Amino acid sequence: MKPKDSIAVLDFGGQYVHLIATKIRALGVHAEIRDPDDPADTFRDYRGLVLSGSPALSAFDADSDWSRDVLELGVPVLGFCFGHQEIAKAGGGRVEHTKREYGAAKLKIVNDSPLFAGLGPEEQVWMSHGDTVTSIGDGFTEIGMSVGGVDEISAHRNAAIACEDRRWYGLQFHPEVDDTLCGPRIFENFVREICDIRTEWKVGDQVEERAAAVRKEVGDRNVLLLASGGVDSSVAALLFLKAIGPDRLRLLHIDNGLMRKDESAGVKRNLESLGLGPCLNVVDASAEFLAALEGLTEPEAKRKAIGDTFIAVFEREAKKLDLSNALLGQGTIYPDTIETGGTKRADVIKTHHNRVPLVQQMIAEGRVVEPLADLYKVEVRELGKALGLDPASIDRHPFPGPGLGIRVAAASRPEDFDESRLRLEIAHALEGTGLTGLPLPVKSVGVKADLRSYEHPVLLVGENPGHDRLAAIATSLAKNVQGINRCLFELSDTRPERAELVPATVTRERLDLLRELDAIVMQALERHDLMKIVWQCPTVLVPLKLDGRGRELVVVRPVHSERAMTARPAWIGEKCAREITSALMAFDEVGAVAIDVTTKPPATIEWE
Ligand code: XMP
């Protein structure tokens, strides 16, 4: 369902591609991510093309072959970074390896262009490149240069170029990144003035149109939809209800025993209140999930066990419902359907549920219907609002598919590590902070240079120097001490000096304990009006005895984030932290309580 006034974002890989499309859509203009290898002709009907940057490709790369003919379609083109260099080369310019420019830089505007209408003479932009456009071809003008990058003195010419006749524009910087403050204005100039798109694309206005499209796609068949209770599947359920009515829609909610306290009952109540009660089947499969998790300690093995069990239960229940003439409905959203260069774990893993072989096979047979597959999360929320979904469901914190299964950390033996070296290096790095650091004999997951790292967390102990200071200490510790990717600050004031692993796996008992603790944390956030400020807040059980006390270290992980690709630790205030800590410490199993103060990267949002 491609609107006619649409922009194609050519995906050369990298995590910024979705940001480009998101920022254009935020202006009310439809944008779609496309593969640059597709035949040039399939790009003819777009009103504008944006060439993304690329994490791996250099303009010199032999692999950087793509359908360059798209540039000749007469459609306006805007390129960033790698895309900028491709435009320069296609226009007869030169690109050379130069000194790398990374981070904030100043763009000095040196010639007028409609692309820069409304910008000041100098603007802050964000750069990340090692190749530079060193000369431009006939018909091109340099419209901006960058000054004062990392080394303050160097100036990079041709940071912005334009060939107004052909409506080709290239920017060495990344306007899609928030640090480029004038980015939204540049996008607006491009889509509204240069591509001349006047229509407003608003998902909230598309309820009838989308329902009609679903009705057409489904035809006279039935739909079976998995309803987790999350915003995506709830919005999809409401859209199906509107499109085909309750008689031909079946919702299946699988209680995997890894949900939050009373969550399945809440999901059931909520779906009933939305008029979806008659369609709903709830299956308690918690025993099967627990059995599949028995004895597992590796995070990815746990995820796989949960994913496989999910599919097995789903297949069995689907058979029981006799859906021979049914389609599988899924609430898959846009980022999950587009494979892009940045290998984000969340995407890979979500793909686990939505793109397992059985589902792939059903897709190939034309038996899967995904009515939200072209939408980002904000747009799903907007559609949900228009369909009457209640605000509490719309603003729910994201919850991972494997649920609490990945928040009950498991380990069978202490990790081998050079504790004395780590202690020494940590003590050295913490000098002058008033804090001591205890490296923990477990590993947790993190991201370093786009790869996953399993490294040791450090428990910081001492007087709280303030949240910003803690976050800064965490950043410098992870940077300066090899083998550290996560920092926790101890809230319970027990000031432990020793941590000892208590071998543990995922058991019903630990899950029940975590459910209670998690509910306490969530209620405290609600009481203190923090649910909207905090983007997500996992509570994690780590099987550690601290100075001989308890058998679990509880880690609370409140974060700020936009799209989960990066995150900042959120502070929940002294009072809320105290209330949470004293409530959690009342449990015999709990030996200490800590708050995670690490950014992502180097840590991830989840513990494992
Ligand atoms: P990380 O821990 O990678 O998490 O920073 C980023 C976002 O993804 C969620 N997450 C998952 N979601 N299956 C999911 O459906 C998973 O296995 C999974 N692991 C992490 C996480 O909650 C956060 O919102």
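**Figure 1. Arg 166 and the ring of Trp 168.** Arg 166 lies over the face of Trp 168, 4.0 Å from the ring centre. A charge is taken to sit over a ring if NZ of Lys or CZ of Arg is within 6 Å of the ring centre and within 35 degrees of the ring normal. The model is predicted: local features need pLDDT of at least 70, side-chain atom pairs count only at pLDDT 80 or more, and totals for chains, interfaces and linings use all residues. Residues are numbered from 1 along each chain as its sequence is written, and side-chain values use heavy atoms, with hydrogens and water left out.

Figure 2. The charged end of Arg 34 sits over the ring of Phe 43, at 4.4 Å from its centre. Rings of Phe, Tyr and Trp (its six-membered ring) pair if their centres lie within 6.5 Å; planes under 30 degrees apart count as stacked, over 60 as edge-to-face and the rest as tilted. The count by this rule is 7 aromatic pairs. One of them joins Phe 43 and Tyr 46, a tilted pair with 6.1 Å centre to centre and 40° between the planes. Both Phe 43 and Tyr 46 are buried (under 20% relative accessible area, with exposed over 50% and partly exposed in between; 1.4 Å probe, protein chains only).

**Figure 3. The pair of Tyr 334 and Tyr 376.** The ring centres of Tyr 334 and Tyr 376 are 5.3 Å apart and their planes stand at 80°, so the pair is edge-to-face. Tyr 334 counts as buried at 5% relative accessibility, and Tyr 376 counts as buried at 5%.

**Figure 4. An aromatic cluster.** Phe 12, Trp 66 and Phe 82 form one aromatic cluster.
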